[in-house]
Amino acid sequence: MNVHQSLAASRPAEAFPPIVTDVVAEDAMVRFEAVSKTYPAYRGKPSVTALQDIDFAIPRGAITGVIGRSGAGKSSLVRLINGLEKPTTGRVIVDDSDISALSGSALRLAQRSIGMIFQHFNLLSSRTAADNIALPLEIAGWPKAEIAARVSELLDLVDIANKRNRYPSELSGGQKQRIGIARALATRPSVLLSDEATSALDPQTTRSILDVLANINRELGVTIILITHEMSVVRQLAKEVIVLDAGRVVERGHVADIFTHPQHAITQSFLSEVLGDAVPVSLSSRLQQQAAPGAQAVIRVLVRGDGGDRLVARLSRELAIDAALLSARIDEIGGQQVGSLTLGVPGDEAVVARVLSFLSQHRFSAERLGYVA
Amino acid sequence: MSPELINLIIQATGESLFMVAVAASLGTLFGLPIGVFLATSRKGELFAAPAANAVLGVIVNATRSTPFIILVVAIIPFTRLVAGTSIGSGAAIVPLTIAATPFIARLVEGAIREVDAGLIETASSFGATPLQVVFKVLIPEALPGLVLSLTLAVVSLLGYSAMVGAVGGGGLGDLGIRYGYQRFMPGMMLAVVVVLIALVQTVQTAGDYLARRVNRRLRHR
């Protein structure tokens, strides 16, 4: 089953050519092939199917987001990628090796090429910053001198060398996550799994951590997989996104494409979280269904792609009407405008009809909400 | 109190400390690995072996629920086998160790279970072997709890060591029974009690201090 293709086909193809990103096998860093994961019944609890019919490929060297609500199957997905759990059916290929088929020392060796960062950092409280970074290297059996050199390198990479002898209890959340990132990169992994890594941080710290991740991706070429429930994280960093809901992939593709034309309800709800699609209360409370003489018609226009910023000017100029901007929110996702405008135009029926036809000609989806005096 | 009696007290204190020190060391030697195993061998855990875990749990509980004085008498043949005699401080180390081991094992299990499961998962995801997880994560992270557990074990052993005195084990308990009780010397009884209180106090204070020193979870400096 390929959800993405069927959804892509239902998009207005001429206006927004769907960028189908079916990664060819050799370009994939992580590939799920017909994966499902069912946890057996245990102590009276029924069995739980956490993931079902999962098929996707995550491209090498890119930043890919996996977004879903809690319970969507994100944690299971992470544990399948890093080999902590085995799929019930199907295969999980990481960096060309079938991690779902490995065990023992072969699995441990493969796990060293997968770095992980966590929501709660998971640093050892008994070790200093430098010693925490050294942990995966000790596990991998590196000689002491090489560990010391590598740790210094990593402390510089995440810009936290002045905290090398501090214990985690003496560090802020952002500093702890930098240590976490340095630790994850210690063994030079080819892929970095970020499991809600910014969910416990404030917005400003989140931004700085995302910057660190973007730098790492650019400079080291590490493939990054962002597992998150935060739309803003995916929007800032990821090129492609996989939307999970109830254990299934419901949409996947380029971030701009998916979020300018969300097909699935869950994707739409993620989008409205950042856009705040609702009409302001001060406006909606004054809305009337009947046009009173001299009233303005209120029209809501969805902006998905381009031209939203110039719309008011064009309406006023090309239709020679007085278009007022009542409320607006336009964001940029992957270089595409996404948002909505609420316009006030003269309430005369003929004018409203001209405006609506102008909007539909230019492929804006619009609706008349009512009238305000 | 005459110098002879004071000498007796000093000698008995030395015997008690010797018994407790050896029994605590041996108890830790056996109890630590058993405790770590108990804490990591349930279903789905690091060394998952639910059957062995259950059997070991029953043995530990059985030993712990036997009153110490009964244990001492019940294992006299075993004590003779190991120590060659059942009388004196040396022999008393055998039952003390047998009582200390399951006690320490349970305390260690508790301290190890306090370690955040996320840290085990973290180390495992880096490809750590189960033994690496134990030595690089579980024991260092549980260290403050382990120190407090051992402190508690030593304090309990001081009490037990006085008890073995009642059955010819030597040490402060022996002194208290023979002089304080049987010869009715309240001064001697008082001296024994005072020395025991001082020892317990010292051990507890030292343990608390050490536990604080190794605890990096607190913001200090």
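User: Leaving aside neighbours within four places in sequence, which residues is B:Leu96 in contact with?
Analyst: B:Leu96 is in contact with B:Met19, B:Ala23, B:Leu157, B:Tyr160, B:Ser161 and B:Val164. Contact means C-beta atoms, placed from the backbone, within 7 Å. This is a predicted model: local features need pLDDT of at least 70, side-chain atom pairs count only at pLDDT 80 or more, and totals for chains, interfaces and linings use all residues. Residues are numbered from 1 along each chain as its sequence is written, with chains lettered from A and ligands numbered from 1 in the order written.

User: Which residues touch the most other members of the largest nonpolar core?
Analyst: A:Ile133, A:Leu226, B:Leu96 and B:Leu157, out of 152 residues. A nonpolar core joins buried Ala, Val, Leu, Ile, Met, Phe, Trp, Tyr and Cys through C-beta atoms within 7 Å. Buried means 20 or more other C-beta atoms within 10 Å of a residue's own.

User: Which helix gives the most to this core?
Analyst: Helix α7 of chain B, residues 130–164, with 16 residues. Helices are DSSP runs of H or I, at least four residues, numbered from the N terminus.

User: Switching topic. At what angle do α4(B) and α5(B) pack?
Analyst: About 125°, with axes 9 Å apart. Axes are lines fitted to C-alpha atoms over the stretch in contact, and angles run from 0 to 180 degrees between N-to-C directions. The two helices are therefore oblique to each other.

User: Which residues meet there?
Analyst: B:Phe78, B:Thr79, B:Val82 and B:Ala83 in α4(B) meet B:Gly90, B:Ala91, B:Val94 and B:Pro95 in α5(B).

User: And how many residues does each chain put into the contact between A and B?
Analyst: Chain A gives 20 residues and chain B gives 21. On the chain A side, α4(A) has the largest share, four residues.

Conventions:
Angles under 35 degrees count as roughly parallel, over 145 as roughly antiparallel, 65 to 115 as roughly perpendicular and the rest as oblique. Two residues are in contact if their C-beta atoms, placed from the backbone, lie within 7 Å. A residue is buried if 20 or more other C-beta atoms lie within 10 Å of its own, exposed if 12 or fewer, and partly exposed in between; C-beta atoms are placed from the backbone.
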